[in-house]
Amino acid sequence: MSSLPANRLLDPDVIARAEMLGLKAREVVEGYMAGEHKSPFRGFAIEFAQHREYTHGDDVRHLDWKVLGRTDRAYIKQYEQDTNFIAHLYLDGSESMKYTSHTATKLEYGKMLAATLAYLILLQRDAVAVNIFDATVRETYQRTDNRSALLNILHTLAAYQPQAATDLAKVLHDMAGKIRRRGIVILISDLLDDEEQILSGLQHLRFAGHDVILFHVLDPAELEFPFRGTVEFIGLEYQPRIIARPAELRKTYLAEFEAYRNRLRDGCSKTKTHYVLANTGQPLAETLASYLAFRLHTSRR
Amino acid sequence: MYFLNPLLLFGAAAISVPIVIHLLNRRRTRRVEWAAMRFLRASIEKNERRLEIEDLILLALRCLLLILLALALARPTLRGALGSLGNLGLTPSTALILLDNSYSMDATDGVQSRFDKARKAAEETLDALPSGSSVAVWLVSDAVRPIIPEPTRDLALARKIIRESRLSDHASNLLPCLQQATGTLRNKAGARKELYVITDGQALAWQRWSDVLQLLNDAKQTVRTRIILVGDTDEQNLSISDLRLAGGLPSVNQPLRFEAQITNHGHDDVRDARVTLSVNNDPPSDEGSIEFIPAGTAKSISLFAKLRADGFHSVTARLADDRLPADNRRSAVVHAMKELRVLLVDGTPSRDARESAVFFLRHALVPVSAADAPQYFIKPIVTTPAELPAARLDGVDIVILSNVFDFSPDVAASLEQFLSRGGGLIVFPGPNCSRAFYNSKLAAILPAQLDEPRGDPEKQDSFATLQPKDYQHPIVALWNDAAAGTLASAHFYRYYPLQARTNHSPVTVLRFADGAPAVMEQSVGLGRVVLFNSTGNTAWNDFPVRPAFVPLLHRALAVLLIRRDEALNLKVGEPFNYRLGLEFANKETVVTLPTSTPEKPQRDYGRVEMFNGAPTLRHANNDNAGVYDVEVASDPPLRMRFAAQSPPAESSLKPLSLAELKQLGQAAQVLQYPTDAALKSRVQQETVGSEVWWPLAMLALALGAVETFFAQRFSRSR
């Protein structure tokens with residue numbers, strides 16, 4: 001199966017619209033350098049945050065001398081610290097992502113989405129780590145804030161070929177254990193796995209304090225089930241074949257699928273995870289711009 | 001129930017079509033690699049039962065639809081009461097009308113003939129047929145003449161042809177006609193196959209009675225037979241049952257005796273039956289009457305006529321008209337000759353004429369004074385066996401061999417050809433004969449072989465005599481009348497016992513008193529051979545000096561010539577085949593039929609064809625009794641005649657008995673016309689069977705609609 005070359009993963013139109021919106025951290029993130037995003041750490045920057053009693057070892061330069069003078073108590077002045085964030089991009093590279101009913105497979109769509117987000121993050125001087133997984137993490141590009149690393153990320157994405165079925169929940173639990181600093185976890189997947197397990201994994205990530213964005217990549221055919229006649233469905237992830245007349249099953253299928261998405265949406269809502277439907281039938285620019293705008297709007301302080 | 005197109009029942013195998021289509025569709029399914037299998041599986045699990053039931057319903061509907069279509073195409077037919085269930089309106093019939101046109105149908109009640117009634121009955125039958133029916137019409141007698149061979153829906157045409165149909169002079173014999181008709185109808189499509197036999201109920205027509213009943217009973221299942229009787233019970237009828245040249249040779253300007261046989265077929269005796277005889281449609285040349293003919297018997301009357309010129313003459317006997325005119329006249333054709341040339345082959349020529357083997361024969365042939373002999377019409381030519389190869393047999397009419405030892409194979413072959421052309425041969429063996437030659441070289445033409453001679457001509461006290469009475473053969477029938485003298489007075493001292501050849505068909509003309517054959521004859525080709533067993537002179541017998549010798553010899557000559565004329569007198573329906581000379585080969589011929597009138601001439605045109613190696617005048621359309629005039633376009637034109645004579649048995653108007661009618665009624669519906677109620681209502685009362693294909697077709701159509709509805713409904717997304 002041919003895949004998109006690295007130089008086509010980035011679409012100028014998508015980039016142009018994404019740049020205008022940017023990707024802000026919704027919540028405090030634990031960066032490793034000063035940046036635009038709120039850090040959980042109190043520093044000594046410009047914006048006052050609170051007082052704290054002086055303890056041994058504190059730099060006496062941060063003593064609030066006015067309070068000491070009035071109350072004879074030693075307090076340290078603390079200020080809000082802005083930091084950069086680390087975005088962990090997790091792209092589902094399982095067999096089911098190979099499906100397409102038109103031109104771009106879900107995987108290709110996911111790769112373009114991941115590439116665009118990586119570009120955007122690096123552009124903001126934030127750090128990004130890219131992982132491609134199925135039942136386990138198959139490809140990893142270590143955290144970097146170096147813009148020149150983008151090309152390597154693109155090559156990593158472009159070179160990947162699916163090879164196994166997915167086990168998303170396991171991967172989510174693993175990543176929750178492995179990612180130490182709170183950051184942004186962007187999961188790009190078709191989520192064709194047990195939704196209870198997926199939601200459990202997401203909750204684990206959220207519990208670890210990560211800002212989780214879930215891009216649910218779906219093909220229009222999966223959303224509309226438009227098939228007619230007699231069709232032999234061959235499972236992409238080694239399920240038994242099914243011969244059916246899909247027109248007669250469409251309503252039931254759509255109901256089942258909608259219920260599944262509703263469960264996912266509700267679960268995400270409960271864990272304050274952003275659930276974004278990425279319909280591969282729609283332009284990526286539209287999907288991404290729409291979400292970034294929404295995010296920008298909801299994360300204003 | 002039975003099927004008119006049973007082969008189409010195999011169409012029911014089409015129920016496999018939906019299954020095959022399903023299997024084919026399985027092979028032709030689109031393949032899609034699919035990721036969201038769990039939702040698809042869940043959908044199927046939810047709908048599986050419903051889909052199975054829907055599939056089964058659709059499959060059942062489609063199979064039923066195909067079965068119904070196959071059934072409808074096979075054209076099922078219900079019988080009897082069940083038949084009326086499917087009979088919304090009368091089912092069209094396939095009918096065959098057999099119209100008896102034998103000459104007994106010419107019997108009239110004074111107003112109209114039986115045939116007139118039969119045509120009306122046939123027209124009423126057409127009226128009774130349901131709309132859309134098809135009908136064939138055959139004229140039947142002892143032969144079938146299909147005037148509408150295959151059923152046509154054009155009933156107007158059938159009506160016209162029935163009105164124009166004509167009687168024949170055939171006898172009637174319905175069994176072969178019924179066999180052919182039922183066989184034809186069985187092979188026709190159609191729910192209602194009906195056979196209408198319109199006849200006069202003459203008993204003669206129903207020969208082989210048990211076979212007829214068997215046939216009708218066997219055909220009952222598929223063919224409904226209706227017998228419409230148009231006859232009456234009046235049997236009275238007088239007919240001329242035979243007319244023949246009874247005596248003398250057909251010579252010009254000699255009085256010829258014709259014998260007409262009159263048969264009284266009725267129950268009442270007939271008195272004073274007047275018969276006239278006319279030649280060539282001239283006014284009657286003779287007439288006579290038979291004073292009394294008892295019921296059911298025949299009597300003959302002799303009438304005389306003279307033929308004024310040589311050539312072919314028609315002789316017609318007529319009776320006064322009665323209720324059956326067709327048999328009140330009978331014609332025969334006679335070929336009159338100016339002179340009769342007889343070649344006498346003398347086996348023992350002698351200077352003393354009396355010692356010659358043909359002395360008595362020559363004188364017997366010309367029984368007139370020497371002065372009158374040149375004018376006498378029989379011209380004997382005497383020759384010897386040595387001169388025989390040079391003799392021209394073409395120039396003679398009859399050859400007489402008398403005590404001839406033998407002759408060459410070439411002569412034997414030419415003699416055989418002479419006979420096959422219609423010549424006559426009389427053989428008188430004698431002491432000079434080579435028995436081996438006669439029994440081997442002439443075996444093909446002689447009716448019997450000559451055994452070792454018996455008797456001794458020297459012993460005058462030991463002899464055989466001829467039978468004194470019970471003469472059957474025309475040559476000797478004259479001596480049944482005691483006034484004609486006797487044959488028994490002749491003494492045969494020595495003779496060759498005759499042993500009939502079984503591979504031929506010899507006829508014994510005359511026997512000895514002990515029953516041994518004395519004279520035999522047989523036909524060879526168109527000619528005939530008469531074989532005596534003793535000499536033609538007084539060497540072995542004294543017959544030549546007996547008074548009966550001359551008439552016997554002349555009658556033998558006459559019979560030999562009549563044989564030649566037999567080809568001129570046919571039975572109705574027989575083909576006419578008459579050999580002509582080579583000069584007539586491929587000449588055009590015109591045959592004027594007896595039914596021809598000056599206003600409406602009826603002629604058949606043809607040519608003289610080569611048949612069996614000889615130019616032969618042939619004419620097959622001889623269905624009417626009477627005289628057929630023939631003209632061959634040669635130079636000068638050859639004009640000749642032949643006659644067709646109706647079979648005399650048909651004149652018996654005896655109807656079927658009541659017991660026979662009752663039996664017939666069990667095998668077929670018997671209707672009396674016109675005394676029964678209107679034929680139309682009688683015919684329509686019965687329903688033989690009704691096709692039920694169209695209710696099945698409608699049901700199939702309805703099923704098709706239901707199937708479409710369900711297919712649409714079931715294929716809607718769930």
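This is a predicted model: local features need pLDDT of at least 70, side-chain atom pairs count only at pLDDT 80 or more; totals for chains, interfaces and linings use all residues.
User: Hi! Which residue stands opposite A:V231 in β9(A)?
Analyst: That is A:A244. Residues are numbered from 1 along each chain as its sequence is written, while chains are lettered from A and ligands numbered from 1 in the order in which they are written.

User: Thanks. In what sense do β8(A) and β9(A) pair?
Analyst: Strand β8 of chain A, residues 231–235, pairs with β9(A) in the antiparallel sense over three bridges. Two strands count as paired if DSSP finds at least two bridges between them.

User: What order do the strands of that open sheet come in?
Analyst: The order is β9(A)-β8(A)-β2(B), three strands with mixed pairing. The edge strands are β9 (242–244) of chain A and β2 (30–34) of chain B, each pairing on one side only. On average, neighbouring strands of this sheet are turned by 25° against each other, direction ignored.

User: Which helix lies across those strands?
Analyst: Helix α2 of chain B, residues 37–73, lies across β8 and β9 of chain A together with β2 of chain B, and runs at about 55° to β9(A). For such angles, axes are lines fitted to C-alpha atoms, for helices over the stretch in contact, and the angles run from 0 to 180 degrees between N-to-C directions.

User: How many residues of chain B are in contact with chain A?
Analyst: 24 residues of chain B are in contact with 28 residues of chain A. Contact here means C-beta atoms, placed from the backbone, within 7 Å. On the chain B side, α1 (16–27), β2 and α2 each supply at least two residues, and α2(B) gives the most, with 10 residues.

User: Back to α2(B): at what angle does it cross α14(B)?
Analyst: The axes of α2(B) and α14(B), residues 693–714, cross at roughly 160° and come within 9 Å. That makes the two helices roughly antiparallel, a label for angles over 145 degrees; under 35 is roughly parallel, 65 to 115 roughly perpendicular, and the rest oblique.

User: New topic. Why is β8(B) described as largely enclosed?
Analyst: Seven of the seven residues of β8(B), 223–229, are buried, so the strand is largely enclosed by the rest of the structure. Buried means 20 or more other C-beta atoms within 10 Å of a residue's own, exposed means 12 or fewer, and partly exposed is in between, with C-beta atoms placed from the backbone. B:V223, B:T225, B:I227 and B:L229 point one way from β8(B), while B:R224, B:R226 and B:I228 point the other way.

User: And which strands does it pair with?
Analyst: β8(B) pairs with β7(B), residues 192–199, in the parallel sense over seven bridges. In that pairing, B:V223 is the bridge partner of B:K193. β8(B) also pairs with β35(B), residues 669–672, in the parallel sense over four bridges, and B:L229 stands opposite B:Q672 there.

User: How much of chain B is buried overall?
Analyst: Buried residues make up 43% of its 718 residues. The secondary structure of chain B comes to 14 helices and 36 strands.

User: Is B:I262 buried or exposed?
Analyst: B:I262 is buried, with 24 other C-beta atoms within 10 Å. B:I262 is found in strand β10(B), residues 255–264.

Conventions
Two residues are in contact if their C-beta atoms, placed from the backbone, lie within 7 Å.
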